[in-house]
Structures are given as structure tokens and as C-alpha cells.
Amino acid sequence: MLHVVDNPLIAVKLNYMRDERTNSKDFRTLLDEISSLMTLEVFKDLKAVPTGDKIKTPTNCEIDKLKLNYNIIVVPILRAGIGMSNGVINMLPTARIGHIGMYRDEKTLKPVEYFCKLPYVNDPLVLICDPMLATGGSACDAISLIKKRGYKNIRLLNLVGAPEGVKKVQEEHPDVHIYIASLDERLNEKGYILPGLGDAGDRIFGTL
């Protein structure tokens, strides 16, 4: 259920993001590009099926109009998840968007929920986006919130993950597929991923 997206384009872009000298503008651009590339892997098992309508090509041929066989909901975990959801939506412009707001208590390292708004879609495939899978607390809580609303087909998209966070998600939600660009070494005593890339939210929004 863990998918490490092994792609040289992603590896080079992620390497640039790890550099402490990379500014917020370039960091956002790289994250957007990587998210779009990863979307191809996350949804490669979906199928394009006929809608029942037809389209006409410039050569006057009539062919079936296609759609994906799932309705997609993209759910970024605020605030850093927005940096990933933009790249996903670039590839899936018809997807619906929800938001889950959480922050990490700096003393307990546990997530605190403050917002949850999801669209209603019949039997959707839900993709949760968050650049960092560190302790796994926010991801597990977000998955639980979505399951409580009746949605069961859930995938998790992360840029960088720590073994501790991956293990926690796998133990609490073994039915959820995890897609990451890099499985890093470990967490430090403050709950940051090593080697990691720092606080993704701060680097995205320039709030260092």
C-alpha cells in the first residue's frame, strides 16, 4: 500500500526543494510541478469510459466523449496541502475540492483540527494532499474525518515521508494507499523529517 514514485524528473526537482537556499517562489513552483507528475502515478489505474455523448473532430469524425470512471475529490490538509492540491487540480480540472484544517501542537506534536469542509459526491475517490508525512498524526486524523462522512475510497499523496509516519498510517488505515516521492530516514526529536526540507508550509508561504 506504499508507493514510492521513482522518477528522475521528480528526484531532481525534490533535490532543489531540499536546498535551504531555494526561495518561496521556486519552492512553490517545484512543488506544483512534482504534484502534477505524481498525479499520473496516483491515478494510473483509473479508466477512461464513454459518457454517452459524442464529440466531433476537426476531420469530421465522431467519437465517444470520455470521462474518468471515478468522481475525484481532492482534499488538501491546510495549509501546506494547498501547495500540492494546485498541481493535482492542474491535471484534474473537473475534480471537486474539500479542505481540512489542522495544526500541530508544538508541545505534544499531535494534530488539532479546526476546519473540515467536504463536497458531497456519490461514491468518490478521495485524494488527501499534504507535503510532509512526519508523525502521521494529521494524516490519520484526516482519513478518519473523511471516513466518518461515509467516504471509503481514500488515497494519500505526500512529497516526503518518514518511516514513523508511514507505519502509523499503515497500522491505523491499512486500506489507504500512500504515494510519496521520497521515503526519508527518520524524525528528529522535534518531529521534523530528516533529511527532509524544513517546514513545508513556511517555505511555501514565506513565513519563516
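Which residues of helix α3 are buried? First, the ground rules. This is a predicted model, where local features need pLDDT of at least 70, side-chain atom pairs count only at pLDDT 80 or more, and totals for chains, interfaces and linings use all residues. Residues are numbered from 1 along each chain as its sequence is written, and side-chain values use heavy atoms, with hydrogens and water left out.

Now α3, residues 82-91. Gly 83, Met 84, Ser 85, Gly 87 and Val 88 are buried, meaning under 20% relative accessible area with a 1.4 Å probe, protein chains only. Helices here are DSSP runs of H or I, at least four residues; strands are E, at least two; both are numbered from the N terminus. The cover over those α3 residues includes α2 (24-42), β4 (72-78), β8 (125-129), β10 (154-161) and α6 (200-205).

Next, the core. A nonpolar core is a set of buried Ala, Val, Leu, Ile, Met, Phe, Trp, Tyr and Cys residues joined through side-chain atoms within 4.5 Å. The largest one has 35 residues. Phe 43 and Leu 157 are among those with the most contacts inside it. α3 is one of the elements that each supply at least two residues. The largest share, six residues, comes from α2.

Take Phe 43. Setting aside residues up to four places away in sequence, Phe 43 touches Ile 72, Leu 92, Leu 125, Leu 127 and Arg 155. Contact means heavy atoms within 4.5 Å. A second, separate core has 25 residues, including Cys 116 and Val 176.

Finally, the whole chain. There are six helices and 13 strands. Buried residues make up 45% of the 208.

Terms used: Buried means under 20% relative accessible area, exposed over 50%, partly exposed in between (1.4 Å probe, protein chains only).
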